[in-house]
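Here are my notes on the sheet in this model, as numbered points. Please read them beside the structure.

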Amino acid sequence: MRTLLTPVTAEAAEFIHGGGIVAFPTETVYGLGANVFDAAAIARIFEAKRRPQDNPLIAHIGEIDQLDQLADEIPAFAWDLIDTFFPGPLTLVLKKRDDVPLLATAGLETIGVRMPRHELARNFLKACGTPVVAPSANLSGRPSPTTWQAVFEDLDGRIDCILQGEATEIGLESTVVDCSGERPVILRQGAVTREQLSLIVPETSLSSGDPETAKSPGMKHGHYSPAARVVLISAGESIDDSESSAFIGLNEPKDRFGFERVVDDLNDYGHSLFEFFRECDRKGLAAIYCEAVPEVGIGAALMDRLRRAAQG
Ligand code: TXA
Ligand code: MG
């Protein structure tokens, strides 16, 4: 299959109309999209990504009215979150409507819904004219793609089209909040922080994240890991094999690393992390030392991804 590269949303949306699968940028990471009501196209997403069948997809909407096509019985607290954080890097898990294919939700009676705020994403979704299910546009197990080139690296020849945009702003996947119960439960941390959610719904809690009982099936799969070994270190910690390794962190490292990146702040750390992982793999480095950060604001999501990457 030839993969078309284009910056034109109408051209990319044509493939969705025809049952194809298209990678597109959002403010978090690039997604790999299909029409939510086209089960055959959704099956192609799982195949192209080599994604486990038990991992549900997020439906992306370009206009708030499209929520009605996806979700039923939206509770008042979920509307408060929608009013505050849509469009943006927040996914809400809601009771799904009967006509949403079970293939999209991996057999669950709930569906994750998100309205990106990224301009190109929204133009693309509007041109598609239907909600678009999209997991991150990487091969399963690899770091999520934050550039169209990273999508190309993983999926060229496996998908119909890549909508070319800039490098994504946030660089970490959306916050996922389960709203199918009595109160919101954070299943995956992201740029919309626990502190921000609690200001709107004080009863918001954080899922224990226990992989055995995890409500978010994706969280039990090995994730976000480069081929290189990822090791968490504290600021100024000394390392033996630094010359042959990579470093990323907020502070100048104590040793000289073969490849290093000192980021400006927590936002820059999140923005840079996954592409840095990929660069290390392209260079064939064996180890990446990542400086731990305080778990406030985006730091909580960053530490979540770093711990998962360190688990391999
Ligand atoms: O920022 C993002 O969320 C990106 C962009 C493309 O929107 N998408 C993304 O999708 O990261 P994916 O498939 O890589 O991660 C989706 C996460 C998984 O952990 C999945 O298990 C969870 O959301 N999820 C999706 N639907 C769910 C549901 N109905 N119940 C519980 N968890 C769900
Ligand atoms: Mg993913």
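1. Two strands are taken to pair if DSSP finds at least two bridges between them. Helices (H or I, at least four residues) and strands (E, at least two) are DSSP runs numbered from the N terminus. The model is predicted, so local features need pLDDT of at least 70 and side-chain atom pairs count only at pLDDT 80 or more, while totals for chains, interfaces and linings use all residues. Residues are numbered from 1 along each chain as its sequence is written.

2. The order E1-E8-E2-E3-E7-E4-E6-E5-E9-E10-E11 describes an open sheet of eleven strands with mixed pairing. At its edges are E1 (4-6) and E11 (205-206), each of which pairs on one side only.

3. Strand E4 (residues 58-60) is antiparallel to E7 (residues 132-133), with two bridges, and parallel to E6, with three bridges.

4. How many residues of strand E6 (residues 110-114) are buried? Five of its five are, where buried means under 20% relative accessible area (exposed is over 50%, partly exposed in between; 1.4 Å probe, protein chains only). In a regular strand the side chains alternate between the two faces of the sheet. Thr110, Gly112 and Arg114 point one way from E6, and Ile111 and Val113 the other way.

5. Strand E6 also pairs with E5 in the antiparallel sense, over five bridges. Here Lys95 is opposite Thr110 of E6.

Terms used: Chains are lettered from A and ligands numbered from 1 in the order in which they are written. Side-chain values use heavy atoms; hydrogens and water are left out.
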